[in-house]
Amino acid sequence: MTRLDTLMARGTAFLGSEVAIMCGAMSWISERHLVAAISNAGGFGLIACGAMTPALLDTEIAETKKRTDKPFGVNLITMHPDLMDLIAVCTKHGVTHVVLAGGLPPAGSLDAIKGSGAKLICFAPALSLAKKLIRSGVDALVIEGMEAGGHIGPVSTSVLAQEILPEVAEQVPVFIAGGIGRGEAIAAYLEMGAAGVQLGTRFACAAESIAHPNFKKAFFRASARDAVSSVQIDPRLPVIPVRALKNAGTELFTAKQVEVARSIDEGGLAMAEAQLQIEHYWAGALRRAVIDGDVENGSLMAGQSVGMVKFEEPVAHIVAELVAQATEALDNRAT
């Protein structure tokens, strides 16, 4: 075994993949084609359920299974109104790994997932939450820093890794995410105690990604500083910031927040419904960019590693390059 194999052994054993590289769940992008390609290339693909209905998720899992016989998982949003039905769909298909994103597991969800025999992975944006999730029985954690694309927290990946890994890495496998674009970074986090990593932006424009050519071109032109975080307008509406490439859609989101806050003022909208409307906004805006190619008004969710995405290439090439870079970095340190 190489040094990389040894460091990834815990992650690969947990995921059942050849390398401990998970593909982040990107709505409209992490679907059957990209997920299957990631798993077939030796990584671990994740279906982004997002706002899918149980029927749509049922179809997506079945179609992914037609394209790969390798392990893959499903990412579910905790605030989805049909969460328990979505979990039942995963159980029906024998999905081996379920990721819950967007907050602590709601009552009953953890037991339903673990009761099916699936492994449960949750996001831990702080050490206190990491410890709480471990006590509740989750099987693995993802530590995602603010450099990531999509919904983000306020702390950088490197700081979270230093804070959380020494405290919990021996208890459960921990996967690091946010701003990772090269194998040298993967090697560094593995040496710190991570079981593996999760990348999204690096795979968003792969040849197997169904993202519109306009969406991919926007990524190829972008630099790290173009991927900016959204601004919260009203403190009563706790909107989770979203990192995306700057465009007119960024301003549209500001207007959407004002609209929702006004509805709360007028008593026509409960807080839970208000937050759900915000989530629906992002789902629609992302679809406009990814599927329709409207890169001006849609949402171009991207992590700060977007500057390392320069051209379209097959998933297998990306995985092989990341592994080669990580291997070389580790070999150089050993000499």
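**A strand residue and its surroundings**

Modeller: Glutamine 198 sits in strand β9, which covers residues 196-199; strands here are DSSP runs of E with at least two residues, helices are runs of H or I with at least four, and both are numbered from the N terminus. This is a predicted model, in which local features need pLDDT of at least 70 and side-chain atom pairs count only at pLDDT 80 or more, while totals for chains, interfaces and linings use all residues. Residues are numbered from 1 along each chain as its sequence is written, and side-chain values use heavy atoms, with hydrogens and water left out.

With a relative accessibility of 7%, glutamine 198 counts as buried, because that term means under 20% relative accessible area, with exposed meaning over 50% and partly exposed lying in between (1.4 Å probe, protein chains only). Once its neighbours within four places in sequence are set aside, glutamine 198 is in contact with Met22, Cys23, Gly24, Leu46, Phe123, Val142, Glu144, Ile176, Ala177, Gly178 and Ile180, where contact means heavy atoms within 4.5 Å.

After α2 comes glycine 42, whose phi is positive, near 105°.

Helix α13 (residues 315-334) also meets helix α1 (residues 3-15), their axes coming within 8 Å and crossing at roughly 110°; the axes are lines fitted to C-alpha atoms, for helices over the stretch in contact, and the angles run from 0 to 180 degrees between N-to-C directions. The two helices, α1 and α13, are therefore roughly perpendicular to each other, a word used for 65 to 115 degrees, whereas under 35 is roughly parallel, over 145 roughly antiparallel and the rest oblique. Arg3, Leu4 and Leu7 of α1 make this contact with Val323, Ala326, Thr327 and Leu330 of α13. By class, the residues in the contact of α1 with α13 are five nonpolar, one polar and one charged, given that Ala, Val, Leu, Ile, Met, Phe, Trp, Tyr, Cys and Pro count as nonpolar, Asp, Glu, Lys and Arg as charged, and the others, Gly among them, as polar.

Histidine 317 is also placed in α13, and with a relative accessible area of 49% histidine 317 is partly exposed. Its C-alpha atom is separated by 9.3 Å from that of alanine 206, although histidine 317 and alanine 206 are 111 residues apart along the chain.

Turning to aromatic rings, a search of the whole structure finds three aromatic pairs. Phenylalanine 14 and phenylalanine 175 form one that is tilted, at 6.2 Å centre to centre with 45° between the planes; rings of Phe, Tyr and Trp (its six-membered ring) pair if their centres lie within 6.5 Å, and planes under 30 degrees apart count as stacked, over 60 as edge-to-face and the rest as tilted. This pair links distant parts of the chain, since phenylalanine 14 belongs to helix α1 and phenylalanine 175 to strand β8 (residues 174-177), 161 residues apart. Phenylalanine 14 and phenylalanine 175 are both buried.
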